[in-house]
Amino acid sequence: MTVEFWFLIGAALVFWMQAGFAMVETGFTRAKNAGNIIMKNLMDFCIGTVVFSLLGYTLMMGEDTFFGLIGKPNLDLFGRFKEFIASPAEGFSGSSYFVFNLVFCATTATIVSGAMAERTKFSAYCVYSAVISLVIYPIEAHWIWGGGWLSQLGFHDYAGSCAIHMVGGIAALVGAAVLGPRIGKYVTDKEGRVTKVNAIPGHSIPLGALGVFILWLGWYGFNGAAATSPSELSSIFLTTTIAPSVATCATLILTWIKNGKPDVSMCLNASLAGLVAVTAGCDAFDAVGAAAVGLVAGILVVIVVEMLDLKLHIDDPVGAVGVHCANGVWGTLAVGLFANPDAPAGLSGLFYTGSAVQLGKQALGFVSVAAWATVTMLVFFLILKKINFLRAEPADELSGLDVSEHGLPSAYADFMPAVDKYAEFGTGEHITAVTGTTPVAEAVPVRREPTFDGHKFTKVEIVFKEERLYALKDAMSKLGITGMTVSHVMGYGMQKGHTEFYRGVAVETDLRPKVQVDIVVSAIPVRDVIETAKKVLYTGHIGDGKIFVYDVENVVKVRTGEEGYDALQDVE
């Protein structure tokens, strides 16, 4: 009873991983598709539950038939419910096994969502969720966990590096390749050859990070739920902690050396890559083996993500192929290399015993399952593409799938960026130290717009970096300015001669948040306002801001009807 209770708690943790996948995929894609991503992660579980109940579960866990290739379908879930939920003398109830295998099936399905994000029809994704949960996953999972031919040969995949992550990653790779890239991702010449790769950053790294932490927590259930003793469980928790930690450190160092700065999104991918890689042998590795597996995973994920984007030109917005496919393969083979006979699984890895027998079994399993997943998913996605059912229309893709697929104008309705977080930067007399060498005339240029006869007042419009808002406000207040209008705007461009990288791709031009402040002055000299603004905003770098000066014909205070100079006064 106690072991079965933990078994179900582990299943609940695996279900909670759906939230993690949803957050990672949403954060790593653009805001205009956030609702669509959430909907896909919800529906692949719900649709998967329906079809897995009807057929998928029995194909996976039914009585072995056809030489270990498939489980025999039955309707015990519906026709023999009393027996299905009864606790047997040994093992767990049928209902426990059903729930446990269902949440694992859903994990396989949801991996594809991120790789094909921002341009796949929602209806096509629903069909995909049904097909992979109904047939594709259950059959190969039967080979490994349902008593099928691979389990009979001694193939070891404790928690799913092969059965779940590699299969989901292959589906993601095939789907992304057949679907094609997002509009604007690659620039091509007249012959169709890619001449430039554009970075399309995700809209929320914090959401992505939250998703990674949720997934990491859920992974303790993912890997540990099937443990039957405290010793086995603690060993699994240990390896499940070491591998992703080492993987993340490896990616941190690699991207820091390669790009000059550590890549945040790639390090988040690395944590997941380490978790994927350790999953197959989490009960077979020792601490050293888990560290080695994690080290390779952290390097492999960077290589595959960048190769896919820069060389093969397959658009995978969230790095699903690098995380799940590449490291699913690596983790499967790593069992044959790093399995320690003293670990709970008691397997003999090449580096510990000199025996390559287990490595051969792992290689056979990897090739067989990969072939099944590749052929079935390729045929499926090509059929959808042939009947024009796979890809969203260009206009829908450009406007965002939230509005075109779900009638949702924005997943963040009424959300406005807050400026209070910048208050700490601009109080008192503090002025940012000059760190650049650009002359002030270039860093904060002043442009005077054409004047017209009879204008009595002057409007000064200042566009600058958000973090200097409170410093400017304080300086203007001391100058005697008692009113200003503040707006959030987006500036297009980037600092000249300064290249940043997103997931290994140079970010050349982007929309960047700015603040626009409008001030209308009369008694206070315009030159004083300009010089004060320049002093506050100047850091010596291009992009410090711009100041525009306009002549204003008149000012009217709506509430009192006052015009001219009187309308600018705050005193009643």
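Modeller: Both Phe7 and Phe100 are buried, and this is a predicted model.

Biologist: Why is the pair of Phe7 and Phe100 called stacked?

Modeller: The ring centres of Phe7 and Phe100 are 4.2 Å apart, with 25 degrees between the planes. Centres within 6.5 Å make a pair, and planes under 30 degrees apart count as stacked, so the label applies.

Biologist: What makes this pair a tie between parts apart in sequence?

Modeller: Phe7 belongs to helix H1 (residues 2–27) and Phe100 to helix H5 (residues 94–115), so the pair ties together parts that are 93 residues apart in sequence.

Biologist: How do you know what to call the pair of Tyr128 and Phe381?

Modeller: Its centres lie 6.0 Å apart and its planes are at 20 degrees, so this pair is stacked. Tyr128 is in helix H6 (residues 122–145) and Phe381 in helix H15 (residues 357–386), so parts 253 residues apart in sequence are tied together. Tyr128 and Phe381 are both buried.

Biologist: How many aromatic pairs does the structure hold, and which residues do ring pairs link into a cluster?

Modeller: There are 22 aromatic pairs in the structure. Ring pairs join Phe7, Phe92, Tyr97, Phe100, Phe104, Trp145, Trp219 and Phe222 into a cluster.

Biologist: Why is Lys40 said to lie over the face of Tyr125?

Modeller: Lys40 is at 5.6 Å from the ring centre of Tyr125 and lies over its face. The distance cut-off is within 6 Å, so that value qualifies. Lys459 likewise lies over the face of Tyr550, at 4.9 Å from the ring centre.

Definitions and conventions: Residues are numbered from 1 along each chain as its sequence is written. This is a predicted model: local features need pLDDT of at least 70, side-chain atom pairs count only at pLDDT 80 or more; totals for chains, interfaces and linings use all residues. Side-chain values use heavy atoms; hydrogens and water are left out. Rings of Phe, Tyr and Trp (its six-membered ring) pair if their centres lie within 6.5 Å; planes under 30 degrees apart count as stacked, over 60 as edge-to-face and the rest as tilted. Helices (H or I, at least four residues) and strands (E, at least two) are DSSP runs, numbered from the N terminus. Buried means under 20% relative accessible area, exposed over 50%, partly exposed in between (1.4 Å probe, protein chains only). A charge sits over a ring if NZ of Lys or CZ of Arg is within 6 Å of the ring centre and within 35 degrees of the ring normal.
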